[in-house]
Amino acid sequence: MAIKPLKQPSSASSAAVRLSKIAVSNTHGEDSPYFAGWKAYDENPYDESSNPSGVIQMGLAENQVSFDLLEKYLEKNSSDATSSGRVSSFRENALFQDYHGLLSFRKAMASFMGKIRGGRAKFDPERIVITAGATAANELLTFILADPGDALLVPTPYYPGFDRDLRWRTGVHIVPIHCDSSNAFEITPAALDSAYSDAESRGLRVRGVLITNPSNPLGATVKRAVLEHVLDFASLKNIHLVSDEIYSGSAFSDAEFVSVAEVLEARGGRGSERCHIVYSLSKDLGLPGFRVGTIYSYNDAVVTTARRMSSFTLISSQTQQLLATMLSDEEFTAGYIETNRERLRRRYRMIVDGLGRAGIECLKGNAGLFCWMNLSPFLKEGTVGEELALWECILREVKLNISPGVSCHCAEPGWFRVCFANMSEQTLQVALARIHDFVERRRGNQ
Amino acid sequence: MTISKKAACNSHGQDSSYFLGWEEYEKNPFHESTNPNGIIQMGLAENQLSFDLLESWLAANPDAASFKRDGQSIFRELALFQDYHGLPIFKNALAQFMAEIRGNKVQFDPNNLVLTAGATSANETLIFCLADPGDAFLLPTPYYPGFDRDLKWRTGVKIVPIQCTSRNGFRITSSAVEEAYKLAQKRNLKVKGVLITNPSNPLGITLSRKELNLLLNFVDKKGIHLISDEIYSGTVFDSAEFVSIMELLPNRNNPQLMNRVHVVYSLSKDLGLPGFRVGSIFSNDRLVVAAATKMSSFGLISSQTQYLLSAILSDHVFAKKYVAENRMRLRNRHAVLVSGLRRVGISCLESNSGLFCWVDMRHLLSSDSLEAEMELWKKVVYDVGLNISPGSSCHCAEHGWFRVCFANMTEDTLDLAIRRIKSFVDSISPIKNCRNSRSKSISKWVSRLSFHDRECDR
């Protein structure tokens, strides 16, 4: 007899216990207005043939431009391994739940991370801690570096997910380091100091700075001089520095990306025990579904603790095995990194030129899967309300789901993040044509 | 700069004897040919008995592990799939598998299932959803040592024990539950729920209807939650003996209570796949499901793995066959250990499930004390060469009980372990000493010089 659960009334009796404060809070951020954009896309998704007038998803930072390289690799390598060869490692692999992570996987990741940095930094597999995605890595680091009620300083604009990842279950605050277009949104010493004072005046203890390099949503690498300064600042205040380098492999040119790892090596490792790097294969390899993240820490206590905490968020050993093989294939990785960069650069040029032809400027970018578009000239007034109204208009009329700057806590209204790597070139051209028409219409109406 | 209090404390439990035994094993692991005098790992609740069934299924169905469906590549689709609602084909297959294990006496709506990276993650996530820092959950003792980390570490929630003893076979009684609740109140802790493991780890017994009903009555009266970790549900030797908490709810006709009972499951024990990190939470409360789903972002299951397992579990003929064969092999293995121990005068709690026995070594203690238990444990690890788990690491109220695993080794290794135990028992019994000249032929090795006496983390 099948017993289905009964329909439930919406609230428990007043005598019964409630859910936790965390469970009922909305710090997960999913009640934000711009989730309406996702809804609109889900209800009416663009498809080249079956729904050419649907909503084009430009709010999702996915990398779909290099799948063929991965597919070719898998084709080639699954035919090499005999079916019984694969199965005989099954037992060992299925049992492997060691939170140190597969050594072959850590070695492959360390090597891959080094290659991405053009060999200018070397990574020790023993300092790599595995996590199910960068989402988990960032939360885990926050649990380790800060106590509930403490603060992390994060430059704006920043990835909206940080509001959840750094704050939700940890109880830690984000205090923004405000950046603006006057200097291409670079982090300035004044902004750092100001953020720190801001935290102090709110009675919050600052435990660290978290930067994303290359930046999401700016799509630009952080300059060496800025990294040096942030590192000095962290040393001065005796706090941590977390560098989320999830887009490191998506810098259009290897030469333009400077990792904090390189800066530390140049300093002979001085001050490194306060530094921690987050990485993931979700963007560079386009594998968000596989949940592959890592924490690389120069601090032994952090490595040990992070490892233990990673029990809550280990990478499937099946996936570790696959990637260990793939990423230790020198020929494949070298070819992949270079080709992927080239294709992203091409896409970036396509969108920036296309937007330029419509009279729209973007921040000069050199990395990532998106561009930071400036629509402030289109706002009647520089307000958040105007920005959201424009965003809604673009969603409903132009049928493009893009991300408004306010969702990234941008201090200046009018900026939007527009993704370009999660669609075909044709679709991108369609999107650009729609934008072009939209701009023409607005000009016509003025 | 400093690290957080959480990082610096030892709530992760890593310093407990449970983990220390593992460390000693790592230093000197038994291997049939290369290290026959090494320590045999009997502290690891793994199920290695039925891999051949999975391996032959994989050999016959290579597409599932190669990102193919009906010969077509679905690599791209899987690579991009990070939806925290989980792969629908996998959730459906998992829900059906869970029902199958319960003889289809319960159905699980896949929409009320949340996927997590292992039961470790599921338990922590549920606690985050149901309790605030400083609140408490009641747990019957003895319990899985990992709970000290999983339920308390990052959540800041406390565990208050419901003491169970051998006087009644470690069964949960109303008075023990009430006492635990009072103890929590005395410590000014707000109790948010009870967490049981059914079948029990480390006892290896299924909870009786009586126990389950008294627990339901209790949580109903107090208006609190009940979490039932049913991770070992597929290891019950005779499936008829397992009663899931979910079976008892419909008859009570109490929708509010139903909303407060949550089940945790995983494929780590039943299918022997701990490396794949496959756990789940089932709850009838849509709010819990919603909150837990969002939290699962911090521990999603690899889509590659979800796909492989959906293929295995959707093969209902195979899944049914697997469950039945697996149960039988576990039953047989269990019998080998129990009879082997009985022959040397060591009894076990009568059990009907799990990957371990709850062994009574009280008569081998020099005194009824923790020190004596630790002394015996060290002898067993170093002199006998078996890593078993002392009851104190499971917060057992009585001294002298040990959890001994039997499903993570070959039968030959288990036989060797039993011979070593026999030799040990004979050697400490003055009457038997002269009789047993064979004790000399079983190799001993020098006790490790570098044993560090660490206090058990309670």
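Q: Which residues of H13(A) are buried?
A: Buried means under 20% relative accessible area, exposed over 50% and partly exposed in between, with a 1.4 Å probe and protein chains only. In this predicted model, the buried residues of H13(A) are A:Ser317, A:Gln318, A:Thr319, A:Gln320, A:Leu322, A:Leu323, A:Ala324, A:Met326 and A:Leu327. Because nine of the 11 residues of this helix (residues 317-327) of chain A are buried, the helix is largely enclosed by the rest of the structure.

Q: How are helices and strands defined and numbered?
A: Both are DSSP runs numbered from the N terminus: helices are H or I with at least four residues, strands are E with at least two.

Q: Where is the place of B:Pro199 in chain B?
A: Look in the loop between strand S7 (191-197) and helix H9 (209-222) of chain B. The peptide bond from B:Asn198 to B:Pro199 is cis, with omega near 0 degrees.

Q: Is B:His395 buried or exposed?
A: B:His395 is buried, with a relative accessible area of 18%. This residue has a positive phi of about 65 degrees although it is not a glycine, and its place is the loop between strand S14 (389-390) and strand S15 (401-405) of chain B.

Q: What is phi of B:Asn104?
A: Phi is near 60 degrees, a positive value in a residue other than glycine. B:Asn104 is partly exposed, with a relative accessible area of 35%, and lies in the loop between helix H5 (88-101) and strand S4 (113-116) of chain B.

Q: How are residues and chains labelled, and which residues count?
A: Residues are numbered from 1 along each chain as its sequence is written, while chains are lettered from A and ligands numbered from 1 in the order in which they are written. Local features need pLDDT of at least 70, side-chain atom pairs count only at pLDDT 80 or more, totals for chains, interfaces and linings use all residues, and side-chain values use heavy atoms, leaving out hydrogens and water.
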